[in-house]
Amino acid sequence: MKTLTTLATLLLAAGIATANPLRWAAQNDIQTLDPHSQNHSATTTIQGYAYEGLTRYTEKFDVEPALATKWTMVSPSLVRFELRKGVKFHDGSPFTADDVLFSLQRIKHPASNMIIYASGIKEVKKIDSHTVDFVLDGPNPVLMRNLTYVRIISKAWATKNRSENPQDFKAKEDTYASRNAMGTGPFKITSWTPDQKVTMVANKDWWDKPKGNVSEVTYLPIKSDATRVAALLSGALDLLTDLPPQDVAKLKADPRLKVIDGPENRTIFFALDIGSDEIKGASVKGKNPFKDKRVREALSLAIDREAIKRSLMRGLSIPAAVMVAPVAYGWSAELDVVAKPDVARAKQLMTEAGYADGFEVPLACPNDRYVNDEEICQAVVSMWARIGVKAKLQTQPMTQHSLALQRFDLPLYMYGWGVTTFDAQYTLQDIVHTKTSGADGKGNYSRVSDAKVDALVQQMKVETDATKRLAQMQEALKRTRDEFLFIPIHHQVRPWAMKSGVTIPHSANDAPQARWATVK
């Protein structure tokens with residue numbers, strides 16, 4: 001646990017002496033600085049300070065031009081982008097079409113965990129130094145939203161530093177690009193000390209003008225709830241985005257602080273190995289209980305989501321039945337109706353499935369990523385015990401958790417999924433669709449495979465009729481719900497606390513933007 005003295009030392013060492021520094025803490029460290037390696041929200045948030053895409057989000061999550069100034073639909077399968085001229089990378093080198101071609105090729109590499117964002121892009125052709133054509137597999141209704149996360153890296157810099165390919169995170173590869181950043185964005189990342197801090201300074205040569213006045217940012221990952229809150233109360237922090245629910249009322253009552261909140265685009269859930277013939281580490285041998293829908297339904301019915309909301313989340317959650325949050329296109333209140341917990345019915349289902357006496361199974365949970373993640377898992381262990389399922393809880397930091405699930409080592413685990421495109425296709429395509437060698441199912445680490453969901457995903461990927469596409473997404477969400485392919489717990493609600501002199505808009509993707517922040 002970091003002490004306040006240690007925090008003060010870190011902040012002093014970071015050189016916070018300019019007029020408008022922003023000292024920001026949350027509980028989770030980033031995993032890499034390579035913009036094409038890991039699809040992990042804390043990581044992509046920090047990377048987004050240094051790296052940019054052809055498009056970006058407004059404060060209301062509409063799409064606007066970024067490194068591209070204009071795009072033209074030449075045909076349903078061809079889009080021409082005019083690139084912004086005069087843009088320079090942080091080392092002063094010019095941004096050109098070559099960097100776009102290189103970045104699209106790089107993000108499609110097998111080591112990349114970001115390929116979902118390049119889904120449907122067949123080829124990128126250079127027309128001239130600042131014009132490129134995207135050749136698509138067909139109509140792509142989410143292309144411009146996906147491109148907000150296709151961050152452009154300098155081809156010359158990556159090549160010079162032997163980082164032509166993205167870091168292979170699951171193989172624990174360490175590259176120059178995983179430890180350093182070279183983008184075009186509003187901040188230059190000056191250092192990253194894992195588990196301690198990320199430092200960055202405003203890019204005075206940025207092509208755009210920030211709306212705020214922040215000159216430096218220090219990001220501090222602080223795992224301990226008590227230490228994070230104490231650091232804010234002591235004045236060592238300006239912004240805290242991981243608030244323990246039990247402390248929100250206290251922080252709201254402090255006149256030196258202000259608290260803002262709103263729904264997050266993230267759903268917390270349990271994923272089960274549905275595809276293997278046997279569950280690794282379970283007491284049942286020679287078969288897989290999770291393949292039986294009745295067992296999956298029983299596990300879901302045993303969870304009292306309202307109790308979790310009331311006792312652990314202090315009201316800061318929305319009990320979930322579907323895999324996308326209310327802020328995502330495709331969600332509906334009619335779909336997201338949570339069944340009341342029913343232990344008697346759950347026991348009956350277990351008996352019908354042939355597991356009247358239950359079974360033992362490992363349960364893996366992160367302990368520094370989601371709000372009260374470990375505490376929620378502990379509560380669910382007790383709830384599942386009532387139906388005979390003895391979950392052997394194993395907790396670990398998110399970095400280790402991510403490594404294990406990407407290696408398919410976790411037969412039952414907690415995970416959280418934010419809909420970065422604010423469109424339900426993102427979730428359905430990445431983690432519900434059967435895993436393939438491409439973008440479809442790239443994040444499916446639980447061997448889920450449902451032919452009906454797969455067919456609906458393929459349809460929505462190219463459907464241009466908004467009404468038909470919405471119906472396809474909702475049918476796929478309903479199918480995922482009714483087959484209990486996952487066990488949703490809740491959608492997170494995220495409060496942020498800050499000094500009274502800090503102004504920053506709340507973001508549903510839990511990604512504070514210092515370029516919009518003002519510090520007095």
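Q: At what angle do helix H14 and helix H15 pack, and how far apart are their axes?
A: Helix H14 (residues 425–432) and helix H15 (residues 451–460) pack at about 135 degrees with axes 10 Å apart; helices here are DSSP runs of H or I of at least four residues and strands are E runs of at least two, numbered from the N terminus, while axes are lines fitted to C-alpha atoms, for helices over the stretch in contact, with angles from 0 to 180 degrees between N-to-C directions. This is a predicted model, in which local features need pLDDT of at least 70 and side-chain atom pairs count only at pLDDT 80 or more, whereas totals for chains, interfaces and linings use all residues. Residues are numbered from 1 along each chain as its sequence is written, and side-chain values use heavy atoms, with hydrogens and water left out.

Q: Which residues make that contact?
A: From H14 they are Gln 425, Leu 428, Gln 429 and Val 432, and from H15 they are Val 453, Asp 454, Val 457 and Met 460, where contact means heavy atoms within 4.5 Å.

Q: Switching to the sheet, what is the strand order?
A: The order is S4-S5-S7-S6 in an open sheet of 4 strands with antiparallel pairing, two strands being paired if DSSP finds at least two bridges between them. Strand S4 (68–75) and strand S6 (121–128) are the edge strands, each pairing on one side only, and the twist from one strand to the next averages 20 degrees.

Q: How many bridges join S4 and strand S5?
A: S4 and strand S5 (residues 78–83) pair in the antiparallel sense over 6 bridges, and Thr 72 stands opposite Arg 80 in S5.

Q: Which helix lies across S5, S6 and strand S7?
A: That is helix H3 (residues 97–107), which runs at about 165 degrees to S6.

Q: And the cysteines, how many disulfides does the structure hold?
A: It holds 1 disulfide, defined as a pair of cysteine sulfur atoms within 2.5 Å. Cys 365 and Cys 377 form this disulfide with their sulfur atoms 1.9 Å apart, linking strand S14 (residues 359–366) to helix H12 (residues 373–385) across 12 residues. The link is left-handed, with -95 degrees about the S-S bond.

Q: Are Cys 365 and Cys 377 buried or exposed?
A: Both Cys 365 and Cys 377 are buried, on a scale where buried means under 20% relative accessible area, exposed over 50% and partly exposed in between, with a 1.4 Å probe and protein chains only.
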